[in-house]
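Welcome! Take a look at it, then follow each solution step by step.

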Amino acid sequence: MNTIDMENLGLGRELLAGASAVYPGLFPGRIVSQSRDLYTVVAERGELTAEVSGKFRFEAGTLSHFPAVGDFVLLDRSGNAGGNGIIHAVLPRKSAFIRKAAGTSNDEQVVAANIDTVFLCMSLNSDFNLRRMERYLGVAWDSGAVPVIVLTKADLCADLARRLSEIGTVACGAEVLVTSSLSEDGWTSVRKYLGRGKTVAFIGSSGVGKSTLINRLLGWDALATKGLRNDDKGRHTTTRRELIVLPEGGAVIDTPGMRELGIESADFSKAFADIGKLAAECRFRDCTHSGEPGCAVRRAMDEGLLSAERLAAWKKLKKEAVYEGLNSRQIESEKFSVMFAEVGGMKNARKFAKEINKKRHGY
């Protein structure tokens with residue numbers, strides 16, 4: 001029987017050696033897809049269906065500790081003989097793309113793990129949105145993967161030069177690629193990131209062309225695609241995250257469309273490096289960039305070097321990150337703390353209000 005080359009799928013020898021020492025007698029595999037509590041795993045002797053052990057489920061705690069697409073896991077078998085395999089451990093992740101889980105809980109959800117390069121896809125038609133790309137970049141830089149902006153559907157763009165100029169204001173070090181599914185070579189710019197042992201992921205809104213790009217990389221239509229709606233928006237096609245082995249080596253992860261991402265954690269120092277560099281030149285270290293004297297950020301806005309929309313987006317995402325995971329009472333408390341920061345916080349504000357009442361009412 002032919003065996004699967006796990007190194008081609010990104011499993012490094014050092015990681016495997018360390019895992020074997022801690023968990024002797026178990027076999028390595030990589031999560032290909034998930035359906036409720038069952039996982040499809042590729043191991044040395046092929047694909048198999050697996051589930052986590054009872055002990056794992058009891059000790060895992062939060063959702064983010066459970067296996068996710070792209071994770072390397074250790075199982076009780078390396079093939080599909082004998083029923084479902086049992087997952088006993090998830091190996092350490094070198095990167096993880098995380099968003100807030102659906103519902104009212106404050107749990108995190110791992111969208112995909114162990115990614116080398118994450119392609120942040122956005123189409124050049126009416127779906128083009130700089131604020132959404134800023135959000136993607138913040139989370140992507142924090143994931144540990146290298147973000148690359150992929151602008152799709154160039155054939156639908158009437159003014160490519162203007163769009164490239166706009167995306168350049170938010171890219172902050174991330175490479176920008178332009179693709180078109182209508183051209184035979186309109187997708188080849190992404191191929192330099194592929195290869196043996198490398199994993200890439202495509203993330204973006206529904207219908208931006210992620211599945212079409214992956215089909216081009218595979219050389220056949222493995223993933224279903226749909227055309228545009230009447231409002232020029234893309235149609236949702238992918239319904240679950242899935243890891244696919246590439247014929248030329250490595251793997252690719254396709255994800256369902258995500259128009260928004262909850263900010264569980266984000267690297268604003270890279271996603272908004274331009275504002276960070278300006279802020280370092282402000283007169284006051286705690287400058288809020290709201291009108292303080294000597295504010296380099298406001299000066300850059302006045303000189304046309306920074307847009308008001310980008311500054312507002314930075315403030316909005318930072319505020320969202322502060323509030324993420326708090327309940328309603330904690331959020332209100334945080335808002336009051338910000339509101340009364342100039343008088344030393346809520347406690348001093350109450351004291352100040354009591355003194356005013358005493359003077360006003362004479363007691």
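A residue is called buried under 20% relative accessible area, exposed over 50% and partly exposed in between, using a 1.4 Å probe and protein chains only. This is a predicted model, where local features need pLDDT of at least 70, side-chain atom pairs count only at pLDDT 80 or more, and totals for chains, interfaces and linings use all residues. Residues are numbered from 1 along each chain as its sequence is written, and side-chain values use heavy atoms, leaving out hydrogens and water.

**Exercise 1. Find the aromatic cluster around Phe119 and describe its ring pairs.**

Step 1. Rings of Phe, Tyr and Trp (its six-membered ring) pair if their centres lie within 6.5 Å; planes under 30 degrees apart are stacked, over 60 edge-to-face, and the rest tilted. The whole structure holds three such pairs.

Step 2. Start with Phe119 and Tyr193: their ring centres are 5.7 Å apart and their planes meet at 80 degrees, so this pair is edge-to-face. It links distant parts of the chain, 74 residues apart: Phe119 sits in strand E8 (residues 117-123), and Tyr193 in the loop between strand E10 (175-178) and strand E11 (199-204). Strands (E, at least two residues) and helices (H or I, at least four) are DSSP runs, numbered from the N terminus.

Step 3. Check burial. Tyr193 has a relative accessible area of 16%, so it is buried; Phe119, at 0%, is buried too.

Step 4. Phe119 also pairs with Phe202, in a tilted arrangement with 4.9 Å between centres and 45 degrees between planes. Phe202 lies in strand E11, 83 residues from Phe119, and is buried at 0% relative accessibility.

Step 5. Together, the ring pairs join Phe119, Tyr193 and Phe202 into a cluster.

**Exercise 2. Is helix H3 largely enclosed or open?**

Step 1. H3 covers residues 130-143, which makes 14 residues.

Step 2. Of these 14, 12 are buried, so the rest of the structure largely encloses H3. Among the buried residues are Met133, Tyr136 and Trp141.

**Exercise 3. Describe how H3 packs against helix H4.**

Step 1. Two packed helices are described by the angle between their axes and the distance between the axes.

Step 2. Axes are lines fitted to C-alpha atoms, for helices over the stretch in contact, with angles from 0 to 180 degrees between N-to-C directions. H3 and H4 (residues 160-171) pack at about 35 degrees, their axes 10 Å apart.

Step 3. Contact means heavy atoms within 4.5 Å. Residues of H3 including Leu130 and Leu137 meet a set in H4 that includes Ile167 and Val170.

How values were computed. The expected span of a helix is 1.5 Å times one less than its number of residues.
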